[in-house]
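Visitor: I would like to learn how to read pockets in a model. Please take me through one.

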Amino acid sequence: MRVAALYDVHAMPTALGAVLADLGDVDAIVFGGDVFLGPQPSETLELVRAFDAQFVRGTCDREPNEWVLANLDAEAVEWSRSWPTTVELDGVLYCHASPGSDESPILTAASPQDRFDEALVGVDARLVVAGHTHMQFRRDRFANAGSVGMPYEDEVAAFWAIVADEIEFRRTPFDVERAIAEIRASGWPTAEEFVNENLLVPPSRAEATAHMESLA
């Protein structure tokens, strides 16, 4: 199978729309969690529901904040809360942070091997695909697909993956000026902060890695 792994969209429909137009020939789509937390939850909901996709619950889907609750109806909120914590397709296990948790352990390209070993105890899948830390990398049987809507990759673009026999990391450009205008018009309380830190300046992968490893 060719599976599109789309993680950490964070309610960025401009980025997501560009990725969906860039999918090519795939057999399945997996949204890997943290879909609606961000500037445009309702527009993102409309996009994801237009596709026959599978969904993995992320931290922010489990505990939506006030902005998400105000912008999605109760049915959509409960739908996202009900997503499974893992999905398995073609021998590949899709989860948000790790097979056992949607938030731990923190795994980055700089994490020690024993943290990966602990996360994969009892997991027989040939590959585990996760997100949560918003940076693409692979370590043996574990891979992070990256983030569509809030990547920490030293570049403003959408990052995702195609999973088949191996994992192929993808990067899709999107209309950044349009995204900025829509976010500023959305009424999202943290719109200007997000624009300044994620779209006008690309977030640093090195800084994000160091911060996450300090939390771990």
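Guide: Start with the term: a pocket is an open set of grid points with protein on both sides within 12 Å along at least five of seven lines, and its lining residues have an atom within 4 Å of a point. Keep in mind that this is a predicted model.

Visitor: What lines the second largest pocket?

Guide: The general idea first. Rolling a probe the size of a water molecule over the atoms shows where empty space is left. Here, the lining of the second largest pocket is made up of Met150, Tyr152, Trp188, Thr190, Glu193, Phe194, Glu197, Asn198, Pro203, Ser204, Glu207 and Ala208. Two or more of the lining residues come from each of α8 (191-199) and α9. The largest share, 4 residues, belongs to α8.

Visitor: How does that lining divide by class?

Guide: There are 6 nonpolar, 3 polar and 3 charged residues in the lining of the second largest pocket. The space in this pocket is about 230 Å³.

Visitor: And what is the volume of the largest pocket?

Guide: About 280 Å³. Its lining has 14 residues, and those nearest the centre are His132, Thr133, His134, Tyr152 and Met212.

Visitor: Which element gives the most to the lining of the largest pocket?

Guide: That is α9, with 4 residues. Both α3 (59-62) and α9 (205-215) supply at least two residues of this lining. By class, the lining of the largest pocket holds 6 nonpolar, 7 polar and 1 charged.

Definitions and conventions
Residues are numbered from 1 along each chain as its sequence is written. This is a predicted model: local features need pLDDT of at least 70, side-chain atom pairs count only at pLDDT 80 or more; totals for chains, interfaces and linings use all residues. Side-chain values use heavy atoms; hydrogens and water are left out. On a 1 Å grid over the protein atoms alone, a cavity is a set of points where a 1.4 Å probe fits but cannot get out, and a pocket is an open set with protein on both sides within 12 Å along at least five of seven lines; lining residues have an atom within 4 Å of a point. Grid points are joined across faces, edges and corners, and a volume is the space filled by probe spheres set on the points. Ala, Val, Leu, Ile, Met, Phe, Trp, Tyr, Cys and Pro count as nonpolar, Asp, Glu, Lys and Arg as charged, and the others, Gly among them, as polar.
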